[in-house]
Amino acid sequence: MSLTTDADSRTLLEATPGLTAAQQPLWPDAAALEAAVAELAVYPPLVFAGECDVLRDRMAAAGRGEAFVLQGGDCAETFAGATADNIKNRIKTILQMAAVLTYGASVPVVKVGRMAGQFAKPRSSNTETREDVTLPAYRGDMVNDFEFTPAARHPDPQRLVRAYHASSATLNLVRAFTTGGFADLRHVHDWNRGFVANAANQRYEKLARDIDKAMKFMSACGADFEAMRTTEFFAAHEALILDYERPLTRVDSRTGDLYDTSGHFIWIGERTRDIGGAHLDFVSRIHNPIGVKVSAKAHVDDLLRLIDLVDPERTPGRLTFITRMGAGQVRESLPDVVEKVTASGAAVTWICDPMHGNTFESASGYKTRDFDDVVDEVRGFFEVHHALGTVPGGIHVELTGNDVTECIGGSEKILDADLNKRYESVCDPRLNHQQSLELAFLVAEMLSRD
């Protein structure tokens, strides 16, 4: 793959005149932005075209019911949170969840981290007011800082460059963990070390012992475990800030096609999937596997037009719809979408995001989610697909490997009064380690009923 975009590729990446790019920062210094973009344009790719092609094949398998996608990670990564321990705990949590799903449901799991690029967030307003002070809204560490001061909230294009380096460091550690032997299934007990003892971890330990027995049996039969020493792990984030995504888009020297090398899988959010907007125009030109968030407000006709734009050749694995309906609406709103999209002949992989449709403000003033609502939306997602004879292809979850108190419920019964104990997210609430494992066991049960 070439490391820079040539003149032809730059022309291809230029948005069609008149298209609006929603949710972009109001950069105050055009020269500083130009310098940052130019710097990004000459940096090495974070991922490679061949890796994106592999993921497209894996997403296609999930769309056929031959695999299951587990997407998980932070709501919004922060530079301060990009530490070895935080990254390791997230990876261990996803590996544990994948082991539960694989062993419990006998299905290959496609592991996709919501990390190494999730440094930007859409906002409902360009500004935030506290008491009598109005400042630019926090749009993620890629743009400005969460602290409510004029200096912190000043959009700084050099943060785009810093996001690249933080993503590079994250991917470096992820690759070390997943290809250096740490992800070997013979080390399933190691993934539980360092986490607080609780009911979910005890259940996981029992499963780990069962896996050990199975591995010893296979070893006695002469099985070759070399292939189990490593695991595939892919990076994903929302393609929100186009001043970051465009300069990291490169030409694949094998094919001449464009790939966004900021991540293997990128998605377009609910607020930027305008059929006449710059975001869909951008992803229609690149060859990464693409996700699109779909809420209960989505119009099927718009989705069909979107499919024609982003996946005109109906390539399996190219397009994933990540549905985020809410537990109270998924059973009513999802069937019509799935039925009409399927009838159109589109080769869409369906993934459930049970987080974003279930957010509310608690009595104590914290943005939170109820674990029971999260589980119920996943259950409704499975019920709809089973009723229609279509395939529930995966889940997309905001989670952390740390013992935060951001979502209420779960077996440890986090209450509203507990939220202030360890509420660390700068944006949306995440499932903690125990809740994530609980969810994996419940989803494995849903999958095993297929």
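**Ground rules.** I'm working from a predicted model, where local features need pLDDT of at least 70, side-chain atom pairs count only at pLDDT 80 or more, and totals for chains, interfaces and linings use all residues. Residues are numbered from 1 along each chain as its sequence is written, and side-chain values use heavy atoms, with hydrogens and water left out.

**Entry: Q71.** I looked up where Q71 sits and found it in strand β1, residues 68–73. (Strands are DSSP runs of E, at least two residues, numbered from the N terminus.) Q71 counts as buried because its relative accessibility is 1%. My cut-offs: buried is under 20% relative accessible area, exposed is over 50%, and partly exposed is in between, with a 1.4 Å probe and protein chains only.

What does the side chain of Q71 join in a polar contact? I got the side chain of H396, at 2.3 Å. (A polar contact is a pair of N or O atoms within 3.5 Å; within protein, one must be able to donate a hydrogen and the other to accept it, and residues adjacent in sequence count only if both atoms are side-chain atoms.)

I then listed the contacts of Q71, meaning heavy atoms within 4.5 Å. Skipping neighbours within four places in sequence, I noted V112, A236, F265, I322, I395, H396 and V397.

**Entry: salt bridges.** I count one when a side-chain nitrogen of Lys or Arg is within 4 Å of a carboxyl oxygen of Asp or Glu. The structure has 32 of them, and I looked at a few.

R369 and E398 pair up at 2.7 Å, N to O. R369 is in strand β13 (residues 367–369) and E398 is in strand β14 (residues 394–398), so this bridge ties together parts 29 residues apart in sequence. Buried or exposed? R369 is buried at 0% relative accessible area, and E398 is buried at 0% too.

D184 and R186 form another bridge, 2.7 Å from N to O. I have D184 as buried at 4% and R186 as partly exposed at 39%.

D418 and K421 meet at 3.0 Å, N to O. D418 is buried, with a relative accessible area of 16%, whereas K421 is exposed at 58%.

Last, I noted a network: D74, E77, R90, E406 and R430 are joined by salt bridges that share partners.

Methods
Helix = DSSP H or I, 4+ residues; strand = E, 2+ residues; numbered from the N terminus.
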